[in-house]
Amino acid sequence: MKQISVFVENQPGSLMRVTSALNEARINIRAIASFDTPEFGILRLVVEQPEKAKEFLTEKGFVVRVQEVVGAELKDEKGNLNEMLKVLADQGISVGYIYSFVIRENKAPVMVFHSDDNVKAEAALKEAGILLIKDDEL
Amino acid sequence: MIWAKEETLPRAEIEKIQLEKLKKTVAYIYEKVLPYRKKMDAAGVKPEEIRTLEDLKRLPFTYKSDFRDNYPDGLFAVEKKELVRYHASSGTTGKPTVVGYTRNDLDMWLNNVARIACMGGATSEDVAQISFGYGTFTGALGLHGGLEKLGASVIPMSSGNTNKQIMFLQDMGVTLLVATPSYALHLGEQLRERGIDPKKDLKLHIGLFGGEGMTEPMRDEMHKVWGEQFVCTQNYGMSELCGPGVSGECTELCGMHVNEDWFIPEIIDPKTEEVLPPGAHGELVVTCLGKEALPLVRYRTGDLTKLMYEPCKCGRTTCRMENISGRADDMLVIRGVNVFPTQIEEVLLKIAEIGPHYEILVERKNRLDVMTITVELIDDRLLDSYGQLSELEQRIKAALKAQLGLATQIKLVAPNSLQRFEGKAKRVTDLRKDGL
């Protein structure tokens with residue numbers, strides 16, 4: 001699946017300017033993550049219509065990157081996240097960052113992550129019986 | 001003490017020496033330096049037409065850009081084998097301003113520095129710690145050689161490494177410090193933080209400051225940090241003219257005495273280029289007298305000041321220049337290093353991931369200059385990871401360090417977030433007030 005990364009400065013309102021632009025473009029946000037870093041940050045989002053989101057945000061003056069990430073559906077049960085991470089660890093796959101979906105109505109939670117080898121990660125998770133999510137399954 | 005008899009001559013005698021040397025210098029530069037001969041020909045002036053000091057104003061100016069246009073040594077008047085030393089300072093773009101010295105030039109230069117050191121109270125008894133950065137910068141080796149000529153013992157400490165600086169100040173019984181005034185303040189505060197009282201615990205009593213201007217509020221701070229006994233003077237020079245040794249303050253602290261038997265100062269209106277009368281404020285223009293390797297006539301220093309010809313209580317009759325009040329161009333002095341925004345621009349334009357717009361912010365933190373350059377990120381490919389963004393930051397910093405010889409802070413911002421200018425851009429904000 002795809003995520004968009006948006007360059008944001010560390011200042012009040014900078015995240016809001018991104019969400020407000022997406023709101024204006026009527027694009028739904030499915031997941032969002034940012035971390036405390038000095039000076040600037042990368043805001044990562046899973047949205048509906050990532051290409052359209054990029055186009056719209058770029059027009060508004062943002063620097064935006066569309067990137068492949070892995071989306072894995074987990075049953076909301078004890079130990080499932082641990083199990084997924086173990087699969088990756090066993091394969092020697094390094095996770096760069098991980099975040100989860102905000103709202104998925106009645107569906108199971110989805111973890112979004114980027115690793116040093118997404119293809120290998122997807123194969124390993126499939127092998128372990130973990131359901132992978134595609135963009136159109138959001 | 002006064003080092004040379006030329007510092008106390010009656011005005012008429014100083015002018016007699018100046019005129020005699022000026023005639024020789026003009027004839028010499030006309031014969032040996034093609035770019036300047038062309039300028040004189042274009043202006044329709046022949047060397048033999050220089051008959052009085054008044055005729056000086058008929059001669060064309062020399063600009064910093066002449067060094068760039070004739071890089072590296074097209075303005076030199078002697079063969080390479082005559083040179084014994086090169087120095088270099090910032091150019092307005094990628095190439096430095098290169099200067100050269102014959103053995104006689106070095107001798108003249110260091111004698112002039114000895115005069116300046118003497119004006120500031122230095123004697124052969126002093127133990128001098130040079131805390132300027134060495135390298136091609138003229139400040140460190142200039143003061144180094146001048147103080148040796150005076151008979152002082154010199155410690156070539158170089159800049160940075162505050163702990164080592166403090167150890168030498170204490171253990172070697174240092175009596176004289178050579179530094180930029182802002183570094184001297186920083187060092188003094190570091191001493192106090194370590195519980196050392198400079199007045200009681202050190203022998204230091206003289207500061208010879210240069211590389212950047214020292215304002216009166218900075219001098220007051222200097223006394224607060226180093227004690228009232230600390231005699232701090234500043235001196236002036238630039239590598240094109242020789243380095244330090246052009247002028248310096250005596251302990252009366254009423255302006256910097258110009259070594260007028262070697263340098264003829266003029267003040268001009270930088271816009272109209274008209275020569276202004278004594279006491280008027282404007283751009284300093286200097287003609288070097290008797291230099292062999294790099295004779296310079298009417299060099300536009302870009303520094304704003306005024307000249308005072310009234311005799312000084314110290315006994316010197318040479319004219320004095322006031323503290324430099326600013327620049328006629330956009331040059332910045334950062335930690336004693338001259339920086340032209342065009343140098344920064346040249347570096348930034350070569351980096352594809354950022355846009356062409358930039359802003360420069362200069363502040364003084366803990367007494368030291370901090371320069372922050374804000375640039376716009378335009379390449380979305382770097383958003384794959386923080387690592388790539390921080391690699392870009394490091395790459396910009398390294399390129400600037402290589403160009404300027406200075407560490408800078410980089411701030412990445414989103415595209416179109418910097419102000420756009422129509423006409424002349426105001427890209428530099430200098431928050432330093434009175435040098436504090």
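Tutor: The contact draws on 15 residues of chain B and 14 residues of chain A, two residues being in contact if their C-beta atoms, placed from the backbone, lie within 7 Å. This is a predicted model, in which local features need pLDDT of at least 70 and side-chain atom pairs count only at pLDDT 80 or more, while totals for chains, interfaces and linings use all residues. Residues are numbered from 1 along each chain as its sequence is written, and chains are lettered from A and ligands numbered from 1 in the order in which they are written.

On the side of chain B that touches chain A, helix H11 (386–404) and strand S19 (409–413) of chain B are the elements that give two or more residues; helices (H or I, at least four residues) and strands (E, at least two) are DSSP runs, numbered from the N terminus. S19(B) provides the largest share of that side, three residues.

Chain A itself is divided into domain 1 (2–67) and domain 2 (70–137), with bounds that come from an automatic or database domain assignment. The C-alpha centres of these two domains of chain A lie 22 Å apart. Eight residues of domain 1 of chain A are in contact with six residues of domain 2 of chain A. To the side of domain 1 that touches domain 2, S2(A) gives the most, with four residues.

The largest nonpolar core has 86 residues, and Ala117(B), Ala122(B), Leu241(B) and Phe263(B) have the most contacts inside it. Such a core is a set of buried Ala, Val, Leu, Ile, Met, Phe, Trp, Tyr and Cys residues joined through C-beta atoms within 7 Å. A residue is buried if 20 or more other C-beta atoms lie within 10 Å of its own, exposed if 12 or fewer, and partly exposed in between, with C-beta atoms placed from the backbone. Helix H4 (residues 103–119) of chain B gives the most to this core, with nine residues. Apart from it lies another core, of 58 residues, among them Ile42(A), Val110(A), Ile373(B) and Ile396(B).
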